[in-house]
Amino acid sequence: MIKKLFKRIFGKSVRTRIEGKCHIIPFDVHGVSRDGISPAARRVTDGLQAAGYAAFVVGGAVRDLLLSRHPKDFDIATDATPEEVRRVFRRSRIIGRRFRLVHVLFGEETVETSTFRRKIESEEAETDEHGRLLRDNEFGDQEQDAARRDFTANALFYDPSSQEIYDYHNGYADICANTLRMIGDPAVRYREDPVRMLRAVRLSAKLGMKLEAATAAPIAKMKDLLGNVPQARLLDEMLKLLLSGHALECVKKLRSMDLHHGMLPMLDVILKQPLGEKFVMLALQNTDQRIRDEKSVSPAFLFAALLWHDVLSAWKMHQDAGERPVAALHAAMDEVLDRQQAQIAIPRRYDAIMKDLWLLQPRFGQRGGQRPFRLLSQPHFRAAYDFLLLRCESGEVDSQLGLWWDEFQDATDERRAEMLLPDEGVKKRRRRKKSGMTVQAELSTE
Ligand code: ATP
Ligand code: MG
């Protein structure tokens with residue numbers, strides 16, 4: 001405040017200090033106050049500094065604060081080893097085997113605290129045959145910790161006590177210019193870790209930052225390297241992308257860079273069918289809106305939506321081959337899930353909910369007798385109904401069906417009775433009884 005006043009009166013500019021390779025940017029220049037840091041993260045940096053260690057808020061949180069966004073979480077980087085951090089905070093635990101981090105606990109909040117790490121140089125690095133780094137878990141100093149990070153905007157350290165930002169790679173200038181730039185040689189960095197290509201797309205879509213030309217250039221040539229990344233990491237990154245609140249932009253960007261083959265193999269087929277594309281885009285838009293409204297989003301719902309048109313075409317094929325509708329739907333679901341499993345491992349724990357959402361869809365068409373009431377009492381009714389609305393909006397089914405269910409859910413008993421359509425099931429049963437079919441055979445066709 002005083003410095004600002006001083007600056008205004010005497011026209012003196014407040015200067016960035018340079019120490020070695022580091023630019024230290026004062027509060028008067030960057031304007032990020034310590035009040036923006038969560039109380040728990042503050043307690044971690046204060047506690048470590050009081051014990052004689054260096055401690056900074058680092059990475060995404062500093063970037064987000066500079067962009068006036070609300071950080072998702074606050075990560076801390078320190079020169080204390082994990083054991084030393086544990087000694088300062090009794091309520092903490094060391095996690096991870098390969099690279100050990102400390103989770104410091106304050107009530108509800110957990111603060112991830114990591115010791116400065118260094119990037120292992122290529123001569124001594126352990127890589128797979130494509131150059132992917134298999135090990136990056138050596139301790140280092142702050143400068144080395146900055147160099148191993150991906151983008152210049154992600155490599156800033158903020159000290160809440162002095163309110164200064166430590167910048168080794170001109171990240172501050174890049175953020176001011178709204179540019180996402182890879183630290184070092186982009187091609188080398190993508191080879192070390194191909195997931196960085198997906199991070200480039202996700203972060204630029206989410207933050208509205210442009211990808212610097214040299215950072216974007218190698219992606220087209222290197223995208224096949226994504227095929228060597230372990231499935232679990234791809235899935236992790238895919239969930240981050242889909243749940244970023246900017247899924248629609250991310251997927252559009254992935255497609256424009258032709259990266260979606262590696263990331264979302266399922267999209268290849270779906271996006272080729274006009275209705276499939278519309279449905280997937282609407283599902284993503286709907287998810288983004290829910291995240292903006294701070295509503296819950298279920299990954300199972302999203303995966304079910306992404307795969308729906310695949311299920312629809314497999315279902316049709318089975319029916320064309322003479323299978324009864326429900327049996328054909330079961331066969332189609334299993335086929336699609338198995339195929340997907342071979343490409344990107346959607347955890348099996350989502351299978352049951354995804355199948356439920358799909359199996360409930362044909363039942364929305366049955367609006368006579370007791371069936372709508374039985375459907376209403378299904379545990380996943382609400383999600384299945386949201387799914388139906390997406391189908392209506394995409395033009396796959398008549399929007400009248402969605403409107404009917406919208407009214408039926410909240411209608412009085414009298415109104416519901418009026419709304420019910422003639423019970424097709426009863427007619428079918430009568431017909432079958434006349435023709436001598438058994439009850440068992442009848443049920444299996446439902
Ligand atoms: P988000 O807002 O999505 O959390 P983030 O940048 O904080 O974005 P994290 O995955 O939380 O992303 O990673 C924290 C920090 O770790 C990053 O800011 C970056 O400095 C570093 N980092 C993460 N992934 C990589 C990677 N693949 N290569 C190099 N550095 C990485
Ligand atoms: Mg983060």
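Which residue has a side-chain N or O atom 3.0 Å from an oxygen atom of ligand 1? Arg149 does. The points below take that site and several others in turn.

1. Basis. This is a predicted model, in which local features need pLDDT of at least 70, side-chain atom pairs count only at pLDDT 80 or more, and totals for chains, interfaces and linings use all residues. Residues are numbered from 1 along each chain as its sequence is written, chains are lettered from A and ligands numbered from 1 in the order in which they are written, and side-chain values use heavy atoms, with hydrogens and water left out.

2. Overall build. The chain has 25 helices and 13 strands. These are DSSP runs, numbered from the N terminus: helices are H or I with at least four residues, strands are E with at least two. Of the 446 residues in the chain, 47% are buried. Buried means under 20% relative accessible area, exposed over 50%, and partly exposed in between, with a 1.4 Å probe and protein chains only. Among contacts with a separation of 6 or more, 64% are between residues 24 or more positions apart. A contact is heavy atoms within 4.5 Å.

3. Ligand 1. There are 16 residues around ligand 1, and Arg63, Asp193, Arg196, Arg202 and Lys240 come nearest. Here a residue is near if one of its heavy atoms lies within 4 Å of the molecule. Arg63 places a polar side-chain atom 2.9 Å from a ligand oxygen. The backbone also takes part: a polar backbone atom of Gly60 is 3.3 Å from an oxygen atom of ligand 1. A polar contact is a pair of N or O atoms within 3.5 Å; within protein, one must be able to donate a hydrogen and the other to accept it, and residues adjacent in sequence count only if both atoms are side-chain atoms.

4. Annotated site. The unreviewed UniProt entry carries an "active site" annotation on Asp73, Asp75 and Asp150. The lining of the largest pocket includes Asp73, Asp75 and Asp150. UniProt positions are in the numbering used here, feature names are shortened, and annotations may be inferred rather than shown by experiment. Pockets come from a 1 Å grid over the protein atoms alone: a pocket is an open set of points with protein on both sides within 12 Å along at least five of seven lines, whereas a cavity is a set where a 1.4 Å probe fits but cannot get out; lining residues have an atom within 4 Å of a point.

5. Asp73 and Asp150. Is Asp150 buried or exposed? Asp150 counts as buried because its relative accessible area is 9%. Asp73, at 42%, is partly exposed. Asp73 sits in the loop between helix H4 (60-66) and strand S4 (75-78). Asp150 sits in the loop between helix H6 (142-147) and strand S10 (156-159). Not counting residues up to four places away in sequence, Asp150 touches Arg181, Met182, Ile183, Arg189, Arg196 and Arg199. Its side chain also makes a polar contact of 3.0 Å with that of Asn154.

6. His103. This residue belongs to strand S6 (residues 101-106). His103 is buried, at 14% relative accessibility. The side chains of His103 and Glu112 form a polar contact of 3.3 Å. Beyond four places in sequence, His103 touches several residues, including Arg91, Ile95 and Val111.

7. Leu225. The loop between helix H11 (219-222) and helix H12 (231-242) holds Leu225. Leu225 is buried, at 12%. Leaving aside neighbours within four places in sequence, Leu225 is in contact with His130, Tyr190, Arg191, Pro194 and Met197. Leu225 and Gly131 are 94 residues apart in sequence, yet 9.6 Å apart in space, C-alpha to C-alpha.

8. Backbone to check. Most residues other than glycine have a negative phi. Ser68 has a positive phi, near 55 degrees. Ser68 lies in the loop between H4 and S4 and is exposed at 71%. Asn170 also has a positive phi, about 60 degrees. Asn170 falls in the loop between strand S11 (164-167) and helix H7 (171-176) and is partly exposed at 45%.

9. Cysteines. How many disulfides does a search of the whole structure find? The search finds 0. A disulfide is a pair of cysteine sulfur atoms within 2.5 Å. Cys22 is buried, at 3% relative accessibility, whereas Cys176 is exposed, at 54%.
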